[in-house]
Amino acid sequence: MSVRHAILALLSEGPKYGLQLQKEFESSTGEVWPLNIGQVYTTLQRLERDGLVESDEAENEGTQKGFHITDAGSTELSSWLNTPPDMTSPPRDELVIKVLSALRVPGVSVHDVIQVHRRYLIELMQQWTRLKEDEADFDLTFALVVDAELFRLDSVVRWLDTADGRLKRAASEPSVASTGPRLGRRLVVRR
Amino acid sequence: MSLLELHQISKSYGEGPTAVRALAEIDLSVDEGHLVAIMGPSGSGKSTLLTIAGSLEEPTSGEVAIDGASLRAMSRNDKARLRRRTIGYVFQDFNLLPGLTAAENVALPLELDGVSARKAHQAGLAALEQLGLADRAGRYPDQLSGGERQRVAIARSVVGERKVLLADEPSGALDSTNGEAVMRMILDACKRGVAAVVVTHDAHLASWADRVIFLRDGRAVDHVAPDLSDSSLATPRA
């Protein structure tokens with residue numbers, strides 16, 4: 001995730017200190033992603049180098065230095081918010097590769113492999129849902145982050161369910177079952 | 001205390017070589033206050049399991065006990081009484097009667113059980129109020145949104161002294177926000193002591209359960225019953 005742009009977003013509300021940015025970053029992401037104070041200052045230095053933020057001179061030695069966003073920083077922030085992340089090429093997903101590999105390993109039931117992963121994902125979803133049950137009603141940002149994680153995990157479960165059904169049908173229909181080698185070829189082509 | 005017990009339940013349709021086995025040797029026990037989800041693809045036997053648990057269908061073999069009473073020994077009348085008094089059903093398509101208001105729909109199971117119309121109406125209103133639907137009591141189903149209809153259906157399923165709630169894809173026709181509201185209502189019923197079983201293919205719904213059982217081709221192939229006090233999530237909130 002872009003800590004750089006998240007800091008710009010926080011500074012768009014007004015000038016802030018480094019420690020304040022660290023605390024606000026954590027609360028604005030539902031305290032799901034902890035952020036090291038060192039990373040905050042490194043990021044601020046890079047933003048300042050790129051002309052996207054400016055630091056205010058500390059009034060006295062030992063007091064904290066404040067930062068504010070520049071016009072170039074506001075333009076960069078607006079551009080980032082409205083630019084969709086690159087999702088054109090499928091990620092090389094480890095789980096997908098495990099299921100595809102299981103198809104080729106003699107003596108391995110791909111349905112059992114799918115179930116191992118399905119069980120793990122449901123366990124994780126239970127843990128996220130339990131957090132939501134306890135706290136989410138009182139904390140909007142946390143609820144949004146938990147929802148995002150639940151939908152991400154759910155999409156993987158749906159893929160596993162679909163793969164399970166597709167493989168079952170393929171096993172019962174010889175014409176479809178012959179897709180094994182083709183799946184292999186496609187993988188090679190994509191690499 | 002276990003309110004719902006299924007022991008070695010099997011179900012086949014047809015006989016001889018053309019027989020189709022829908023369920024094989026299923027064991028399930030649901031305690032007071034617990035929510036169990038049954039997951040599996042279409043045709044895995046989820047809905048059959050629910051209808052057998054709810055005494056709407058007979059198993060080919062095995063035994064069902066509800067609130068300590070075995071169904072095998074019960075007469076048809078006793079089973080019907082059990083269905084009216086002890087078990088609440090929630091279906092995907094709500095099954096509300098269109099000519100009755102929300103309050104009348106909720107009160108109907110009690111009236112059918114011989115409770116006076118006045119008392120049944122009061123209990124119906126109380127169930128609606130408990131679920132935040134008091135202002136919808138006088139509306140007919142076609143005057144309610146999909147989410148409200150399902151919430152009324154849940155109020156109907158827990159009205160009176162119901163101890164077991166059986167839900168078949170209760171949020172199947174709803175968006176995720178209403179689906180979540182429905183699951184929170186089922187969870188609230190569990191907190192009041194109801195034992196609930198939700199059949200679903202939706203991982204979001206299943207993730208609300210204390211225990212998840214996975215069915216495949218009529219068999220329970222796996223289950224999840226995590227210790228939720230021991231979170232593995234990489235977040236300070238966990």
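A salt bridge, as I use the term here, is a side-chain nitrogen of Lys or Arg within 4 Å of a carboxyl oxygen of Asp or Glu. By that rule, two salt bridges cross the interface of domain 1 of chain B and domain 2 of chain B. Please keep in mind that this is a predicted model.

Let me stay with chain B for a moment. Domain 1 of chain B is made of two segments, 2-86 and 163-221, and domain 2 covers 101-160. Taken over C-alpha atoms, the centres of these two domains of chain B are 23 Å apart. The contact involves 12 residues of domain 1 of chain B and 12 residues of domain 2 of chain B. Together the two domains of chain B bury about 1100 Å², with carbon and sulfur atoms giving 63% of that area.

Now chain A. The domain assignment gives domain 1 as 3-81 and domain 2 as 94-190. Here six residues of domain 1 of chain A and four residues of domain 2 of chain A make the contact. The area buried between these two domains of chain A is about 350 Å², and 75% of it comes from carbon and sulfur atoms. How many salt bridges cross the interface of domain 1 of chain A and domain 2 of chain A? The rule finds zero.

Chain A does have a salt bridge to show elsewhere. A:D50 pairs with A:R4, the closest N and O atoms being 3.1 Å apart. This pair links distant parts of the chain, 46 residues apart: A:D50 sits in the loop between α3 (37-49) and β2 (53-55), while A:R4 is in helix α1, residues 3-11.

On to the two chains together. In this interface, 32 residues of chain A are in contact with 34 residues of chain B. The chains bury about 2800 Å² between them, and 53% of that is on carbon and sulfur atoms. Five salt bridges cross the interface of chain A and chain B. As for a pair between the chains, B:R216 meets A:D112 in a salt bridge at 3.9 Å, N to O. Over all chains, a search of the whole structure finds 26 salt bridges.

Which element gives the largest share of the lining of the second largest pocket? That is α6(B), with seven residues. By class, nine lining residues of the second largest pocket are nonpolar, 11 are polar and 10 are charged.

Notes: Residues are numbered from 1 along each chain as its sequence is written. Chains are lettered from A and ligands numbered from 1 in the order in which they are written. This is a predicted model: local features need pLDDT of at least 70, side-chain atom pairs count only at pLDDT 80 or more; totals for chains, interfaces and linings use all residues. Side-chain values use heavy atoms; hydrogens and water are left out. Helices (H or I, at least four residues) and strands (E, at least two) are DSSP runs, numbered from the N terminus. Ala, Val, Leu, Ile, Met, Phe, Trp, Tyr, Cys and Pro count as nonpolar, Asp, Glu, Lys and Arg as charged, and the others, Gly among them, as polar. Domain bounds come from an automatic or database domain assignment. Contact means heavy atoms within 4.5 Å. Buried area is the accessible area (1.4 Å probe) that two parts lose on being put together, summed over both.
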